[in-house]
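Biologist: I would like to go through this structure label by label. For each label, please give the value, the cut-off and the conclusion.

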Amino acid sequence: MEQHDKGASVTEELRLRIRDAEAALMAHAPDPYSGWCPTCRVTGPCAEYEPAANRLGELRDRRDHHG
């Protein structure tokens, strides 16, 4: 029973990390009309966008292989 609870908590933690990574990515996603990063106020993808996208991809891969 304890092993099941641990697996469930890991799954929940991963779900929360994915949610946070999605929020971080959206905070730096360039506006489709102006092309500006709404957080950093620079044209095009800012320096934070690619690392945020990579992190989200890593977490989704981990989720897909975990479940």
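Predicted model: local features only at pLDDT ≥ 70, side-chain atom pairs only at ≥ 80, totals over all residues.

Biologist: Why is the pair Glu 58 and Arg 55 called a salt bridge?

Modeller: The label requires a side-chain nitrogen of Lys or Arg within 4 Å of a carboxyl oxygen of Asp or Glu. The closest N and O atoms of Arg 55 and Glu 58 are 3.9 Å apart, so the pair is within the 4 Å cut-off.

Biologist: Where do Glu 58 and Arg 55 lie?

Modeller: Both are in helix H2, three residues apart, which is about one turn of the helix. In general, an α-helix has 3.6 residues a turn, so residues three or four places apart point the same way.

Biologist: What makes Glu 58 and Arg 55 partly exposed?

Modeller: Partly exposed lies between the buried limit, under 20%, and the exposed limit, over 50%. Glu 58 has a relative accessible area of 45%, and Arg 55 has 34%. Both values fall between the limits, so both residues are called partly exposed.

Biologist: How many salt bridges does the structure hold?

Modeller: It holds six. Among them is the one between Arg 17 and Glu 13, at 3.2 Å from N to O. These two residues are four apart in helix H1, residues 2-28, and so are separated by about one helical turn. Arg 17 is partly exposed at 35%, and Glu 13 is partly exposed at 42%.

Biologist: Which residue forms a salt bridge with Glu 22?

Modeller: Arg 60 does, with the closest N and O atoms 2.7 Å apart. This pair links distant parts of the chain, since Glu 22 is in helix H1 and Arg 60 is in helix H2, residues 49-66, 38 residues apart. Glu 22 has a relative accessible area of 31% and Arg 60 has 33%, so both are partly exposed.

Biologist: Which residues make up the largest nonpolar core?

Modeller: It has seven residues: Leu 14, Ile 18, Ala 21, Leu 25, Ala 52, Leu 56 and Leu 59. H1 and H2 are the elements that give two or more residues to this core. The largest share, four residues, comes from H1.

Biologist: How do you know that the buried residues of H2 line one face?

Modeller: The buried residues of H2 are Ala 52, Leu 56 and Leu 59. Viewed down the axis of H2, they fall within an arc of 65°, so they line one face of the helix. On the other side of H2, Glu 50, Asp 64 and His 65 are exposed.

Biologist: Which residues does Pro 30 touch?

Modeller: Pro 30 lies in the loop between H1 and H2. Not counting residues up to four places away in sequence, Pro 30 touches Gly 35, Trp 36, Cys 37, Gly 44, Pro 45 and Tyr 49. At 26% relative accessibility, Pro 30 is partly exposed. The C-alpha atoms of Pro 30 and Cys 46 are 8.0 Å apart, although 16 residues separate them along the chain.

Biologist: Why is the count of disulfides zero?

Modeller: A disulfide needs two cysteine sulfur atoms within 2.5 Å. The cysteine sulfur closest to that of Cys 40 is in Cys 46, 3.7 Å away, which is too far for a bond. For Cys 46 the closest cysteine sulfur is in Cys 37, 3.6 Å away and also too far. By this rule the count comes to zero.

Biologist: Are Cys 40 and Cys 46 buried or partly exposed?

Modeller: Cys 46 is at 11% relative accessibility, so it counts as buried. Cys 40 has a relative accessible area of 33%, so it is partly exposed.

How values were computed
Residues numbered from 1 in each chain as written. Heavy atoms only, no water. Buried < 20%, exposed > 50% of the residue type's maximum accessible area, 1.4 Å probe, protein only. Core = buried A, V, L, I, M, F, W, Y, C linked by side-chain atoms within 4.5 Å. Arc of directions from axis to C-beta. Contact = heavy atoms within 4.5 Å.
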